Amino acid sequence: MTTPPGLSASWVVRTLDSAAFAQAFAHTAIAAVFAQHLVDRTAGRVTWFTVIAGLCAVGAAVLLVRRREFTLVRLIPSTLVLFLGWALASVTWTTDTSGTVSGWLALAAIAFLAVVIANTRDTLQTVRALADVFRVLLVLSLLLELLSGVFFDMPFTFLGIEGDIAALGPVQGIFGTRNSLGFIAVLALITFYIEWRTVSVRTGVSLFSAVLAALLAALSDSPTVLVLAVATAVATAALGLVRRTRHALRRTVQSVLGATVIVSAMVGYLLRERIIAWIGAGTDFSIRAELWDQVASFVRVEPVRGWGWFGPWSRTDFPFNAINFALGDRHNSALNAYVDVVLQLGWVGLLIFIAFAGLALGRAWLVASERRSILYAWTPLILVTVLVDALFESFPLHGYGWLMLVLCALRAGQSKSWRENIRDAARPGSPAAGLPDDTSTGTHGIAR
């Protein structure tokens, strides 16, 4: 261990610089973010904010102690900095300055936790940490659903659990809504699959984990689960095709796949009513259509810069209160991340967000198609799931959805970007020096 100048080699520094502490921090940060609803309902919103603030302070200390392993230009994607900067700039034109500052701090805090995790753990270690957390939270969700719907036969209203598991759903688990549970179950399935393929855990554990996630995804009865499952399956098949294609033909295959995606999106839009009826999401879509129509009327008033960043909607601030009043509802978001960005940050914010997410997906896809290890498939598959879900929910703009988006963007940026050309500023043997960190399990470099 190399101790940075000005810091004594005390037990605090040694602890912060250790592999065990990095592992514990990743598990704790991921669990805290994904358990937000549970903590809110049992200990209060202030408690959750305090936990996140404490984790950010600890994460800052970790980066300080290990600062020689990083270079500032490689620490965070420039598009993420630009998006956060534009969101912060909206404080100058927002309808509620304190609300925007609070929303931005929550956005930046989750992003910072992702930065710490991505720069202290490699992809395999990140996958294993996520899998461990998913297993615990999904088991807890199933147990509480069984207690509510079978043993006590009463809803746990303080957790948002309706107790319908005996009727085969819908169930919500500890995540508040069936759509949240379904989304997290799909993320868990992808993670468990990669964990199994990399032989990170015993086969029995992998099988139990996959069955658990699939069961809760089905019991959630969320119409978005089917869409996410199809999108993930198609992305997996396409990525497998590219990986098996000879290097000389990959560019052609990639172009054909890109054109196919565009055509399929157009056909899907033209046949949207039939598809919606087929998956039984007519009611959900009609609610979203009415909501988006109302949002569009306010976007036309502030099309370029939006109304200011809030993240989840404030029910007392304009224009969110006006939208909910017109609809006679109590929406917490636009139920579409892209629509939400346009409303809050305008078309400028949307372009920045698309650049951020699009570059992340492009980089992750290229890395996964060029490298042999199945481990590299985790990042693009998770990104596909998050960005498709963004069409139906605003999860990718806050909480665990935002954490996954930023974490995957960081993983992709570390593997393939213009930053790879920056070698002279990196200490040999560090992640910045371009080592194949995602295949190491030792205690050197980023795998510490």
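**Helix pairs**

Reply: This is a predicted model. Start with helix 2 (residues 19-34) and helix 8 (residues 123-151): their axes cross at roughly 45 degrees and come within 9 Å.

Me: Which residues of helix 2 and helix 8 meet?

Reply: From helix 2 come Ala 26, His 27, Ile 30, Ala 31 and Phe 34. From helix 8 come Arg 128, Ala 129, Leu 130, Asp 132, Val 133, Phe 134 and Leu 137. By class, this contact has 9 nonpolar, 1 polar and 2 charged residues.

Me: Why are helix 16 and helix 17 called roughly antiparallel?

Reply: Helix 16 (337-370) and helix 17 (residues 378-389) pack at an angle of about 155 degrees. The cut-off for roughly antiparallel is over 145. The angle passes it, and the two helices are therefore roughly antiparallel. Their axes are 9 Å apart. Helix 16 passes helix 17 in a left-handed crossing.

Me: What do helix 16 and helix 17 bring to their contact?

Reply: Helix 16 brings Tyr 338, Ala 357, Ala 360, Leu 361, Ala 364, Trp 365 and Ala 368. Helix 17 brings Thr 379, Pro 380, Leu 383, Val 384 and Leu 387. The classes are 11 nonpolar, 1 polar and no charged residues.

**Backbone and exposure**

Me: Is Val 199 buried or exposed, and how do you know?

Reply: Val 199 has a relative accessible area of 67%. Exposed means over 50%. Val 199 is therefore exposed. Its place is the loop between helix 9 (178-197) and helix 10 (203-220). Val 199 has a positive phi of about 55 degrees although it is not a glycine.

Me: And Leu 335: buried or exposed?

Reply: The relative accessibility of Leu 335 is 14%. Buried means under 20%, so Leu 335 counts as buried. Leu 335 is found in the loop between helix 15 and helix 16. Leu 335 has a positive phi of about 55 degrees and is not a glycine.

Me: Where is there a cis peptide bond, and what is its omega?

Reply: The bond joins Phe 318 and Pro 319, with omega about 10 degrees. Pro 319 lies in the loop between helix 14 (282-299) and helix 15 (320-327).

**Core and chain**

Me: Which residues touch the most other members of the largest nonpolar core?

Reply: Phe 34 and Trp 402 do, in a core of 126 residues. Helix 16 gives the largest share of this core, 15 residues. Phe 34 also takes part in the contact of helix 2 with helix 8. Leaving aside neighbours within four places in sequence, Trp 402 is in contact with residues including Leu 80, Phe 83, Leu 107, Ile 110, Phe 356 and Phe 395.

Me: How many helices and strands does the protein chain have, and how much of the chain counts as buried?

Reply: The protein chain has 18 helices and 0 strands. Of its 448 residues, 51% count as buried. Among contacts between residues at least 6 apart in sequence, 75% join residues at least 24 apart.

Methods. Residues are numbered from 1 along each chain as its sequence is written. This is a predicted model: local features need pLDDT of at least 70, side-chain atom pairs count only at pLDDT 80 or more; totals for chains, interfaces and linings use all residues. Side-chain values use heavy atoms; hydrogens and water are left out. Helices (H or I, at least four residues) and strands (E, at least two) are DSSP runs, numbered from the N terminus. Buried means under 20% relative accessible area, exposed over 50%, partly exposed in between (1.4 Å probe, protein chains only). Axes are lines fitted to C-alpha atoms, for helices over the stretch in contact, and angles run from 0 to 180 degrees between N-to-C directions. Contact means heavy atoms within 4.5 Å. Ala, Val, Leu, Ile, Met, Phe, Trp, Tyr, Cys and Pro count as nonpolar, Asp, Glu, Lys and Arg as charged, and the others, Gly among them, as polar. A nonpolar core is a set of buried Ala, Val, Leu, Ile, Met, Phe, Trp, Tyr and Cys residues joined through side-chain atoms within 4.5 Å. Angles under 35 degrees count as roughly parallel, over 145 as roughly antiparallel, 65 to 115 as roughly perpendicular and the rest as oblique. A crossing is left-handed if the near helix is turned anticlockwise from the far one by less than a right angle, and right-handed if clockwise.
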